[in-house]
Amino acid sequence: MAGKKETVGLSVKKSEDVSTWYTELIQKAGLADYTDVSGCIVFRPYAYAIWEKIVKAVDDRIKGMGVKNAYFPLLIPEKLLKKEQAHVKGFSPEVAWVTHAGDSKLDERLAIRPTSETIMYENYRNWIRSWRDLPLKINQWNNVVRWEFKHPVPFLRTREFLWNEGHTVFATKEEAEKECLDILNMYDNVLKEYFALYGIKGKKTEKEKF
């Protein structure tokens, strides 16, 4: 029975149509698939295996630097997100909100984690009573959701994505700045020595900050 012949390889060259080339590449390589929610993708086993290698490479290094892993909740009360108005202003268009549990409306909206500063620092204030409790060096591996954008691209810009976020506290500015550079250099080392990728170290512009 004659049917539509499936193209085994890629139908276009990267130089001709990079968008179609990239979409075909990740699908035919078995890396990702789409879902009915725009911007939320499936990490297929090959892709997730790559993520696991990234996690191990970074996790081994940060633990060697004295950082410990923890986990904080996915849902963040609106009052916490609003504590820092500048923080809310930057994230407001990207926040997805939970407003109902079943048919019941919640008394307070819950943000689906766009980042974890506000909920983490709420606990930090209870854990840090004096300089003797410092440094506090915590990292978490999690997922975050950032909703506001028009053109999702798998692995490059999606609404839900996997990452790690480190939140550390020190007794002095000098210690904090040193940790910042040490972590930056660690990421740079992973990119260059482990993945053979070239990264650019630098300071974000105001528009690039969240």
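I began with a term: two strands pair if DSSP finds at least two bridges between them. I note that the model I examined is predicted.

**Entry 1: the sheet β4-β6-β5**

I looked up the strand order of this sheet and found three strands in the order β4-β6-β5, forming an open sheet with antiparallel pairing. I then located its edges: β4 (75-77) and β5 (96-101) each pair on one side only. On average, neighbouring strands here are turned by 45° against each other, direction ignored. I also checked how β4 is joined to strand β6 (residues 104-112), and found three bridges between these antiparallel strands.

**Entry 2**

I turned to another open sheet, in which three strands follow the order β3-β7-β8 and the pairing is mixed. Its edge strands are β3 (68-69) and β8 (160-169), each of which pairs on one side only. I recorded that helix α2 (residues 45-64) packs on this sheet and touches β3, β7 and β8. The direction of α2 makes about 165° with that of β7. For strand β7 (residues 136-145) and β8, I found antiparallel pairing over 10 bridges. Within this pair, Asn-139 has Gly-166 in β8 as its bridge partner.

**Entry 3: Asn-142**

I selected Asn-142, which lies in strand β7. Is Asn-142 buried or exposed? Its relative accessible area is 7%, and the cut-off for buried is under 20%, so Asn-142 is buried. I next examined its side chain, which makes a polar contact with the side chain of Trp-163 at 2.9 Å. The side chain of Asn-142 makes a polar contact with that of Glu-165 as well, also at 2.9 Å. Leaving aside neighbours within four places in sequence, I listed the residues in contact with Asn-142, among them Tyr-71, Arg-113, Ser-116 and Phe-161.

**Entry 4: helix α6**

How far apart are the end C-alpha atoms of helix α6 (residues 173-194)? I found them 31 Å apart. I then looked up the buried residues of α6, which are Glu-179, Ile-183, Met-186, Asp-188 and Val-190. What covers these buried residues includes α2, β7 and β8. An α-helix has 3.6 residues a turn, so residues three or four places apart point the same way. Finally, I noted that α6 is followed by Ala-196, whose phi is positive, near 55°.

Conventions. Residues are numbered from 1 along each chain as its sequence is written. This is a predicted model: local features need pLDDT of at least 70, side-chain atom pairs count only at pLDDT 80 or more; totals for chains, interfaces and linings use all residues. Side-chain values use heavy atoms; hydrogens and water are left out. Helices (H or I, at least four residues) and strands (E, at least two) are DSSP runs, numbered from the N terminus. Contact means heavy atoms within 4.5 Å. Axes are lines fitted to C-alpha atoms, for helices over the stretch in contact, and angles run from 0 to 180 degrees between N-to-C directions. Buried means under 20% relative accessible area, exposed over 50%, partly exposed in between (1.4 Å probe, protein chains only). A polar contact is a pair of N or O atoms within 3.5 Å; within protein, one must be able to donate a hydrogen and the other to accept it, and residues adjacent in sequence count only if both atoms are side-chain atoms. The expected span of a helix is 1.5 Å times one less than its number of residues.
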